[in-house]
Amino acid sequence: MWVTVGRSDDLPAGTARSVLAGRRRIALVRTSNGELHALSDTCPHRGARLGAGKVSRMVESAGVGSYRLGDTIVLRCPWHGYEFDVTCGDSVIREPKLHVATFPTKEEDGDMCVDV
Amino acid sequence: MTSVGESRRTTERSGAAKLPVFDCDVHERFVSLEALFPYLDEVWHGYRPAWAPGPPYDLGPLNGGGMRDDAWPKDYGYGSGMPGSSFELFRDQILDAYDISGAVLTGGALTPGNTHTQAAYALALTSAYNDWLAAEWLSRDERLLGAIQIAYHDAEAAAAEIDRMAANPQIVQVMVWPSPQPLGAKRLRPIFEAAARHDLVVAMHPGGECFQTAIGYPPYYTEWHIGLAQLFMAHVTNLIFSGVLDEYPNLRILVLEADFSWVPSLRWRMDANWKGLRVETPWLQRKPSEVMREQFYFGTQPIPEPDTPQQLLDLIQLTGEDNLVFASDYPHWDFDSEDRALPVSLLGLELRNKLVNLNAMRLYSNRFARVGSSRFTQASPHS
């Protein structure tokens, strides 16, 4: 069921926000290149609202002492910092029980819509 | 988790034989510094280490000045040295008193590696000690295995010393007497690289002048001794997060004389922090707990003494029954005998055999395979 959750202009690039889609709480994410993603808003670790977290490129490494920004976009939990791939909801540490559900999105006539 | 009853039943079913004991921590020592002179360049004979060889405590309240009261050679007609200085008494009280297949001599009387003595002298002392160990101890009994003493003032020179001593097939590990400086520091990597190059275990053991608790040297020896685990917790954490174990996946670290009751909680704490703070150490490809389980072993001494026997079994399971190796710490006052610290009646034969033999065989398996040791071939080399 597609639900309109807000105006596209209300979610700037590189940000996230918590919204209600029907009775389901969703973390909406706008990546820096404009893509819209929707994840379950509840962190599976301690239940924080993921929509209050930060959106960023995943920090990767080529070896000890090396830091670089990769291509994966992650949503970082505002409490303990757990990171989730915004495209699939997987925890970047590959822990299966730390997965969050994702939902299809679309934008029509300036509205953001989520299929819940 | 295996209960006492389950463990015993497993033993009954398996019909396993009681395996001999492999002791991962026994301390040899010289009678006096002059014993090293045949192996020490004469230029150093006029020097005396200005370092304090241990924590600043009056050992009067301890048995034998920190040693087993019954381990003094003079009482048995074996000379006037300190406990651990007589091979004959050591043989009588350890090698022949128990069914010992192997014992690793870890030293401890001389720890220039973590002191402030000048680097050149520290390096010379460690080389002399290593040669003395090979000539005066290892050559006397094939059950004896040795550890390389190093001075990490100069990591490249320490690595060269490891390369030199690794030619001896009875050498199985490198001793590190930790100080407050992080062992995972980049400048110390040559030491770990050299150990990995020769399939040598790196063992950490408290000792030397720098081994302090989080509050330095507390007023009483008993406080300091209880607090030994603190520095080990810091070093284990540092080694894991600094990526040393990821860089050398075949490297194995042995933590000695540290108790082990803190291991489960540290493992849980490290995993919890890593999950949220991964961005700070993105080079870690495995959970800290996985690194610990795959690359760390812990000596059983001093064996924890919880309120009930079941709690000890639970603790062994929580720590990892594959990650514990028997250590007696002979001839120190807190010596553990295998039969009383790890009794078959409590552990069951299968678990007892793991702790006193099989785990050590796996720990040293790559080294034994490399040097073609036929005495210790019960475990397959690890990857």
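This is a predicted model: local features need pLDDT of at least 70, side-chain atom pairs count only at pLDDT 80 or more; totals for chains, interfaces and linings use all residues.

Me: Which residues touch the most other members of the largest nonpolar core?
Reply: The largest nonpolar core holds 119 residues. In soluble globular proteins, nonpolar side chains tend to be buried together. The members that touch the most others are Phe90(B), Phe192(B), Leu251(B), Ile253(B), Val255(B), Trp262(B) and Phe296(B).

Me: How many residues are in the second, separate core?
Reply: This core includes Ala203(B), Leu254(B), Ala360(B) and Phe368(B). Its residue count is 21.

Me: Which residues does Phe192(B) touch, not counting residues up to four places away in sequence?
Reply: Phe192(B) belongs to the largest nonpolar core. Leaving out residues up to four places away in sequence, Phe192(B) touches Leu183(B), Val202(B), Leu239(B), Val244(B), Tyr248(B), Leu251(B) and Ile253(B).

Me: What area is buried between chain B and chain A?
Reply: The contact takes 17 residues from chain B and 19 residues from chain A. Carbon and sulfur atoms give 55% of the buried area. That area is about 1400 Å².

Me: Which residues of chain B lose the most area to chain A?
Reply: Three residues together account for 44% of what the chain B side buries. They are Lys275(B), Arg278(B) and Trp283(B).

Me: How far apart are the closest N and O atoms in the salt bridge of Glu83(A) with Arg278(B)?
Reply: Between chain B and chain A the count is three salt bridges. Glu83(A) forms a salt bridge with Arg278(B). The closest N and O atoms of this pair are apart by 2.8 Å.

Me: Which helix gives the most to the side of chain B that touches chain A?
Reply: By class, that side has six nonpolar, four polar and seven charged residues. The element that gives the most has five residues there and spans residues 263–277 of chain B. This is helix H9.

Me: Is Arg143(B) buried or exposed?
Reply: Arg143(B) lies in the loop between helix H3 (119–136) and strand E3 (144–149) of chain B. Among the residues it touches are Arg91(B), Asp96(B) and Arg375(B). The relative accessibility of Arg143(B) is 18%, under the 20% limit, so Arg143(B) counts as buried.

Me: What is the relative accessible area of Val116(A)?
Reply: Val116(A) is found in the segment after strand E10 (111–115) of chain A. Its contacts include Met1(A), Ile26(A) and Phe103(A). Val116(A) is partly exposed because its relative accessible area is 28%.

Notes:
Residues are numbered from 1 along each chain as its sequence is written. Chains are lettered from A and ligands numbered from 1 in the order in which they are written. Side-chain values use heavy atoms; hydrogens and water are left out. A nonpolar core is a set of buried Ala, Val, Leu, Ile, Met, Phe, Trp, Tyr and Cys residues joined through side-chain atoms within 4.5 Å. Buried means under 20% relative accessible area, exposed over 50%, partly exposed in between (1.4 Å probe, protein chains only). Contact means heavy atoms within 4.5 Å. Buried area is the accessible area (1.4 Å probe) that two parts lose on being put together, summed over both. A salt bridge is a side-chain nitrogen of Lys or Arg within 4 Å of a carboxyl oxygen of Asp or Glu. Helices (H or I, at least four residues) and strands (E, at least two) are DSSP runs, numbered from the N terminus. Ala, Val, Leu, Ile, Met, Phe, Trp, Tyr, Cys and Pro count as nonpolar, Asp, Glu, Lys and Arg as charged, and the others, Gly among them, as polar.
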